[in-house]
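Take a look at the model below. This report walks through its salt bridges, one of its helices and its core.

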Amino acid sequence: MPDLDRIIALVSDALGPAEGEPVELTAGLTNRNLRMRFGGADYVLRLCGEDTEVLGIDRGAEWAATQAAHAAGVAPDPVLYLPDEQALVTRFVE
């Protein structure tokens with residue numbers, strides 16, 4: 001399991017201080033998804049599950065696909081990718 005406190009600290013360094021507690025979002029078969037507020041804006045913090053590479057999941061490719069999907073107007077704004085922590089951050093969309 002990723003070190004949530006460490007990841008929150010890294011995201012806070014990039015986006016501003018964390019505000020409030022994370023809210024678990026349902027869904028996601030291989031990830032833990034949390035809604036969080038950093039620096040006055042809402043984000044989704046996507047924590048990649050352990051050992052997902054055995055399923056053929058490439059998080060770098062997922063990040064690139066998220067960027068392409070956003071550019072095409074069909075995905076939220078990709079904000080931050082922490083490959084060492086296996087975490088992605090996107091803007092939260094209602």
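Glu62 and Arg46 form a salt bridge, with their closest N and O atoms 2.8 Å apart. A salt bridge here is a side-chain nitrogen of Lys or Arg within 4 Å of a carboxyl oxygen of Asp or Glu. Glu62 lies in helix α2 and Arg46 in strand β3, so the pair ties together parts that are 16 residues apart in sequence. Helices (H or I, at least four residues) and strands (E, at least two) are DSSP runs, numbered from the N terminus.

Glu62 is buried, at 18% relative accessible area. Arg46 counts as partly exposed, at 27%. Buried means under 20% relative accessible area, exposed means over 50%, and partly exposed is in between (1.4 Å probe, protein chains only).

## How to read the model

This is a predicted model: local features need pLDDT of at least 70, side-chain atom pairs count only at pLDDT 80 or more, and totals for chains, interfaces and linings use all residues. Residues are numbered from 1 along each chain as its sequence is written, and side-chain values use heavy atoms, leaving out hydrogens and water.

How many salt bridges does a search of the whole structure find? It finds 9. One of them joins the side chains of Arg59 and Glu62, at 2.6 Å from N to O. These two residues are 3 apart in helix α2, so about one helical turn separates them. Arg59 is buried, and so is Glu62.

Arg91 and Asp77 also meet through their side chains in a salt bridge, at 3.8 Å from N to O. This pair links distant parts of the chain. Arg91 is in strand β5, and Asp77 is in the loop between α2 and β4, 14 residues apart. Arg91 is partly exposed at 34% relative accessibility. Asp77 is partly exposed too, at 29%. Elsewhere, salt bridges that share partners join Glu19, Arg35, Arg37, Asp42 and Glu94 into one network.

## Helix α2

Helix α2 covers residues 59-71, which makes 13 residues. From its first C-alpha to its last, α2 reaches 18 Å, close to the 18 Å expected at 1.5 Å a residue. The expected span is 1.5 Å times one less than the number of residues. After α2 comes Gly73, whose phi is positive, near 85 degrees.

Which residues of α2 are buried? They are Arg59, Glu62, Trp63 and Thr66. They cover an arc of only 100 degrees around the axis, so they sit on the same side of α2. The arc is that of the directions from the helix axis to the C-beta atoms. The buried residues of α2 pack against β2, β3, β4 and β5.

Thr66 has a relative accessible area of 18%. Leaving aside neighbours within four places in sequence, Thr66 is in contact (heavy atoms within 4.5 Å) with Ala75, Pro76, Pro78 and Thr90.

## The nonpolar core

The largest nonpolar core has 15 residues. Such a core is a set of buried Ala, Val, Leu, Ile, Met, Phe, Trp, Tyr and Cys residues joined through side-chain atoms within 4.5 Å. Ile7, Val11, Leu45 and Leu47 have the most contacts inside it. At least two residues of this core come from each of α1 (4-15), β2 (31-38), β3 (41-48), β4 (78-82) and β5 (87-91).
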